[in-house]
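Here is a short report on one protein chain.

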Amino acid sequence: MLPNGTPSYKEGGTLCEDGGPPPLLKWSEEGYAVVQILENAFEQAGTTEELLNLAISGLKNCPECHKEDGIGMQSQIYCCALDPPLQNESIPSLQYLTGGVDSRTTKKDGLTKCNYPSMKPYGRGADFDLEVIWEEHCYFEFDDRSVAKTVGTMVQEPYVNHFPTLTFQMTSSIGRKLLTSFYRDHFIFSSPPNVENELVSRIIGVDRVCRNLRIPFTSVVSIRGDRLYHEHIAWDQATVLIQLGLLLEYLPSPHHLLPDGRQPGPGNRFEFRVPARGVETVAKMLGKNVVKSNGMLEYKVREVSIVR
């Protein structure tokens, strides 16, 4: 149930707008059969009981609604817009208070990210194995190499952000159309055939899967219902560049005066040791004693001739 002032949506709230799902679509993607009630419906209905009975009748007539699992009521209250909160002893009720109608709660996800994990267990919705969902997505992406099947594991309007390369606007895509183009033209068929994903660790939350790979590489995946909503992917870009031979061991210092007051001699410049390593970073992540600890603390600035 949503209060007055909730934004109106195209197609009755069944299509994403500005990359975010309306509440009706969001909860259906979570795996629920949903009836949406706006606050002004109470003004038009004869009684509250009649309105709720109409909503329950709609759910009972929905083939996808498993009535034996129960029916619940979730209401979003802005500044106590519903005063007193709606009560119905025959229907389990979940209510939460937000500060006001804004795009962060209604236009996007319906629930803020901070309160959703604590409230989800009380929703009595479908429970999905997040690890299986993620493994299926990875299989279609890296093994089967199917663009359609990969995108098919995701919600209506998913997105993928690759943070180390955001500035290039090439490896981040928002929305099904752009993400499909990215997978087809820049990723799935561009990966070498011998690419392997070797899992180092995995953390599973209420609606998140976080994993670490050997680059080192971190992927935080948000899952809505049984479909991926987004992927936030980050990796050690310096490690990758060093392994590719594209990042030098020493780089020119932008400073001509060191903290101790030293300045380079005539025709010279300072160079600093880049605080990054290549395959050693991966080795250290997999074995604590493989690479010496605190080695970078010994890195020094060197003075070299500009003309070589």
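The chain holds 10 helices and 11 strands. The model is predicted, and its confidence is taken up next.

**Confidence**

Mean pLDDT for the chain is 78. A score of at least 70 is reached by 75% of the residues. Helix α7, residues 147-152, has the highest confidence in the chain, at a mean of 95. Helix α4, residues 103-109, has the lowest, at a mean of 40.

Over residues 78-85 the pLDDT stays under 50. The model gives this stretch 19 contacts beyond four places in sequence. Residues 98-112 also have a pLDDT below 50.

**Overall make-up**

The chain has 308 residues, and 35% of them are buried. Among contacts with a separation of 6 or more, 53% link residues 24 or more positions apart.

**The β9-β10-β11 sheet**

Three strands make up an open sheet, ordered β9-β10-β11. Their pairing is antiparallel. The edges are β9 (250-252) and β11, each of which pairs on one side only. With direction ignored, neighbouring strands of this sheet are turned by 40 degrees against each other on average.

The β9 and β10 pair can be followed down to residues. Strand β10 spans residues 268-273. Three bridges join it to β9, and the two strands run antiparallel. Leu251 has Phe272 in β10 as its bridge partner. In general, strands of a sheet pair through backbone hydrogen bonds, either parallel or antiparallel.

Arg145 is found in the loop between α6 (130-143) and α7. Its relative accessibility is 22%, so it counts as partly exposed.

Asn294 is another such residue, with a positive phi near 60 degrees. It is placed in the loop between α10 (279-286) and β11 (301-305). Asn294 counts as exposed because its relative accessibility is 56%.

**Cysteines**

How many disulfides does the model contain? The count is zero, with a cut-off of 2.5 Å between cysteine sulfur atoms. Cys62 is in no disulfide. The nearest cysteine sulfur to it is that of Cys65, 5.8 Å away. Cys65 is in no disulfide either, and its nearest cysteine sulfur is that of Cys62, at 5.8 Å.

Are these two residues buried or exposed, or in between? Cys62 is partly exposed, because its relative accessible area is 22%. Cys65 counts as buried, because its relative accessibility is 11%. Buried means under 20% relative accessible area.

**Accessibility of the residues discussed**

| Residue | Relative accessibility | Class |
|---|---|---|
| Arg145 | 22% | partly exposed |
| Asn294 | 56% | exposed |
| Cys62 | 22% | partly exposed |
| Cys65 | 11% | buried |

Note on methods. Residues are numbered from 1 along each chain as its sequence is written. This is a predicted model: local features need pLDDT of at least 70, side-chain atom pairs count only at pLDDT 80 or more; totals for chains, interfaces and linings use all residues. Side-chain values use heavy atoms; hydrogens and water are left out. pLDDT is the predictor's confidence in each residue, from 0 to 100. Helices (H or I, at least four residues) and strands (E, at least two) are DSSP runs, numbered from the N terminus. Contact means heavy atoms within 4.5 Å. Buried means under 20% relative accessible area, exposed over 50%, partly exposed in between (1.4 Å probe, protein chains only). Two strands pair if DSSP finds at least two bridges between them. Axes are lines fitted to C-alpha atoms, for helices over the stretch in contact, and angles run from 0 to 180 degrees between N-to-C directions.
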